[in-house]
Structures are given as C-alpha cells and as structure tokens.
Amino acid sequence: ESKRAQRMESDRRERHELRRAERAGLRCGENPLAIDACYALHLTQARAWPAHRPPPLALLRRLLLAEPRSGHPLARLFTVQSARRLLGGLLVLDSPHETLAWWSGTHRVGREVAAARALMVWAIRWAQTQGRARFNLGGSGGLAGVASFKRSLGAIDIAYPVRWFAPSRGS
C-alpha cells in the first residue's frame, strides 16, 4: 500500500511539472546543429558532479552524422526551447529497437520550468512513433530523486551484470 501511495504522489508531482512546462510554451524537436550549445550546458551542469568526465565533443559530433550504410545517425540530439532561448538538450543513442538517453544539459532557467522533463517525455514519444521497442533511461547512480523521476515516466529497474575494465599498469 505504501508503494502505491508513493507512486500516486510521484505521478501527481510529475503531472504538475509537465503542466508547468506546457504553460511555459516550450518547444521540443530534433536539432543536431545545436550540439555546441547543448554541450556547453552539459559542461556547466557537470561541474557539480564529482568524478564526471564528459564525452569528447568530437565524438558526439561524429555520432550525429548519418552512417553511410543506413543513412541514419547513431545518435540524435533533441532540444527544448522557450521563445527566448535554448533551455536544454538530450543526446540519445538510437538503434532500430532501442533508444538510450545518454547525456543531457539544461540551462538553469530550464530547470525552473521543467524543461528537462518535457524534453524527456517528447523524446520517449518520438521513440514510440519510430517503432522503438524500448526507451532506456539509463542508470540512476543511486540517486533517489533521479530514480523517482524515471519511475514516474513508467521506467522499471532492471539489474544486469556489468564488468568494469581499468587500464593495467603492465608488468
């Protein structure tokens, strides 16, 4: 019963946040040309994340280019904008069966109007219209607030083994 009450409260909070984003008149879409601005937003946010190493910008640019064989990029950049500015970006890795939310960056003004939530919901709907079987929100890093947000979007936790490889010092 307690879990059900928590879920209902989370859903209520999520609906409130999405209504707030809607009232702000935010626009979401795909815009790979905004990679530099979105990367700057990501770097600004990442300063507060201990031990975070952002992926190289050159790699992200390359992932956004169309593959010669398929004609589709391996990654897509979705953005959210107000009438005045770019508020955030979400870079996803995309395949025919699954879309993975890889990294994002949100302007502080965007956090005030729930821009990241609106963009994530838009991206999930985009993946559905493209016929993707799954939208992978990634891990939550042990952060309860992040996990709660993902559950409010319908996510379920899936545990799977991961092996981390570290460079060896040689012998």
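Asp36 has a relative accessibility of 41% and therefore counts as partly exposed, a class that lies between buried (under 20% relative accessible area) and exposed (over 50%), with a 1.4 Å probe and protein chains only. The model is predicted: local features need pLDDT of at least 70, side-chain atom pairs count only at pLDDT 80 or more, and totals for chains, interfaces and linings use all residues. Residues are numbered from 1 along each chain as its sequence is written, and side-chain values use heavy atoms, with hydrogens and water left out.

Asp36 takes part in a salt bridge with Arg61, in which the closest N and O atoms are 2.6 Å apart; the term denotes a side-chain nitrogen of Lys or Arg within 4 Å of a carboxyl oxygen of Asp or Glu. Because Asp36 belongs to helix α2 (residues 35-46) and Arg61 to helix α3 (residues 57-63), the pair ties together parts that are 25 residues apart in sequence. Helices (H or I, at least four residues) and strands (E, at least two) are DSSP runs, numbered from the N terminus. Arg61 is likewise partly exposed, at 39% relative accessibility.

The whole structure contains 5 salt bridges. Another of them joins the side chains of Asp94 and Arg76, at 3.3 Å from N to O. Asp94 is in strand β3 (residues 86-94) and Arg76 in strand β2 (residues 75-81), so this pair connects parts 18 residues apart in sequence.

Arg132 counts as buried, at 17% relative accessibility. Through shared partners, salt bridges join Glu30, Arg76, Asp94 and Arg132 into one network.

These elements belong to a chain with 6 helices and 5 strands, arranged along the sequence as α-β-α-α-β-β-β-α-α-β-α. Of its 171 residues, 36% count as buried. Among contacts (heavy atoms within 4.5 Å) with a separation of 6 or more, 59% are between residues 24 or more positions apart. The chain exposes about 11,800 Å², of which carbon and sulfur atoms supply 54%; the areas come from the Shrake-Rupley method with a 1.4 Å probe, and for residues only the protein chains shown count as cover.

The interior can be described through its nonpolar cores, each a set of buried Ala, Val, Leu, Ile, Met, Phe, Trp, Tyr and Cys residues joined through side-chain atoms within 4.5 Å. The largest has 19 residues, of which Leu26, Phe78, Val80, Leu90, Met120 and Phe135 touch the most other members. Elements giving two or more residues to this core are β2, β3 and α5, and α5 gives the most, with 8 residues. A second, separate core of 14 residues includes Cys38, Leu57, Ala75 and Trp103.

Helix α5 has 15 residues and reaches 21 Å from its first C-alpha to its last, close to the 21 Å expected at 1.5 Å a residue; the expected span is 1.5 Å times one less than the number of residues. Its buried residues include Ala115, Leu119, Met120, Ala123 and Trp126. An α-helix has 3.6 residues a turn, so residues three or four places apart point the same way. Just after α5, Gly131 adopts a positive phi of about 85°.
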